[in-house]
Amino acid sequence: DEQKKLVNNLSILEKAEQTVKDLKAAQSSGTKGNTDTKPDVASTAGKTNTTKANPVVKEGMTVKTDSGKEYVKILSTTKKRVAYVKPAKKTYKNVAVSATVNVSGEKYKVVAVSAGAFKKMPKLQKVTLGNNVEEIGAKAFCKCKKLKKVVITSKKLTGRKVSTKAFSGTNKKITVKVPKKKYKVYKKFLAKSGNKTIRIKK
């Protein structure tokens, strides 16, 4: 009887040990399975968004456009209007004032050319003003000795918004080309814009 009891006890212990082994094996394999399905936290942790936030644009600020070709003054952030202040470089030979420019990813209309915008640009030969320009400031082209041609595509100019000194200090042989439909009107106030020998063409 005692031998039978010992045999039974040994049998029970062996089963118990085997059960423990099985449980450990199951836990081990379960843990591996979980690590395989978990996302790689280390690969994403600590990473930051490298996208640069657009700088805050406020009215009255003078900023460089996204193209880097010119500086403009913010006239209105709601109506998206700017004034052309100056080119990025004084060495340009030809300058085109676009109808619109992008500032911090947003489109703005260029409605004015500031006073002295092209002042003392020794190599400048030609300037084209975009079709949204409504105003030209005093001495906008002053002391540009080689500038002999200005093309105005805008039909929005008025005598009240073109300075009487807009073309003061410009070349005596300067020619200004204007829209055909605005020739008569533009000729009247451009003739009084600071250069007595200015020639207006359509």
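A pocket, as the word is used here, is an open set of grid points where a 1.4 Å probe fits, with protein on both sides within 12 Å along at least five of seven lines. In this predicted model, the largest pocket holds about 220 Å³ of space. Its lining consists of 13 residues, and S67, K69, E70, A96 and S98 are the ones nearest the centre. By class, 5 of the lining residues are nonpolar, 5 are polar and 3 are charged. Strands β4 and β5 each contribute at least two residues to the lining, and β4 has the largest share, with 3 residues.

Read from the N terminus, the order of elements is α-α-β-β-β-β-β-β-β-β-β-β-α-β. Of the contacts with a separation of 6 or more, 55% join residues 24 or more positions apart.

Buried residues account for 31% of the 202 residues in the chain. In soluble globular proteins, nonpolar side chains tend to be buried together. Here the largest nonpolar core has 39 residues, and F118 and L190 have the most contacts inside it. At least two core residues come from each of β2 (70-76), β3 (81-87), β4 (94-97), β5 (100-103), β6 (106-113), β7 (126-129), β9 (149-152) and α3 (183-190). The largest share, 4 residues, is that of α3. Beyond its neighbours within four places in sequence, F118 is in contact with Y84, P87, V95, V97, V113, L124, V127, A140, F141, C142 and C144.

Technical notes:
Residues numbered from 1 in each chain as written. Predicted model: local features only at pLDDT ≥ 70, side-chain atom pairs only at ≥ 80, totals over all residues. Heavy atoms only, no water. Core = buried A, V, L, I, M, F, W, Y, C linked by side-chain atoms within 4.5 Å. Buried < 20%, exposed > 50% of the residue type's maximum accessible area, 1.4 Å probe, protein only. Contact = heavy atoms within 4.5 Å. 1 Å grid on protein atoms, 1.4 Å probe; cavity = no way out; pocket = protein on both sides within 12 Å on 5 of 7 lines; lining within 4 Å. Points joined across faces, edges and corners; volume = space filled by probe spheres on them. Nonpolar A, V, L, I, M, F, W, Y, C, P; charged D, E, K, R; others polar.
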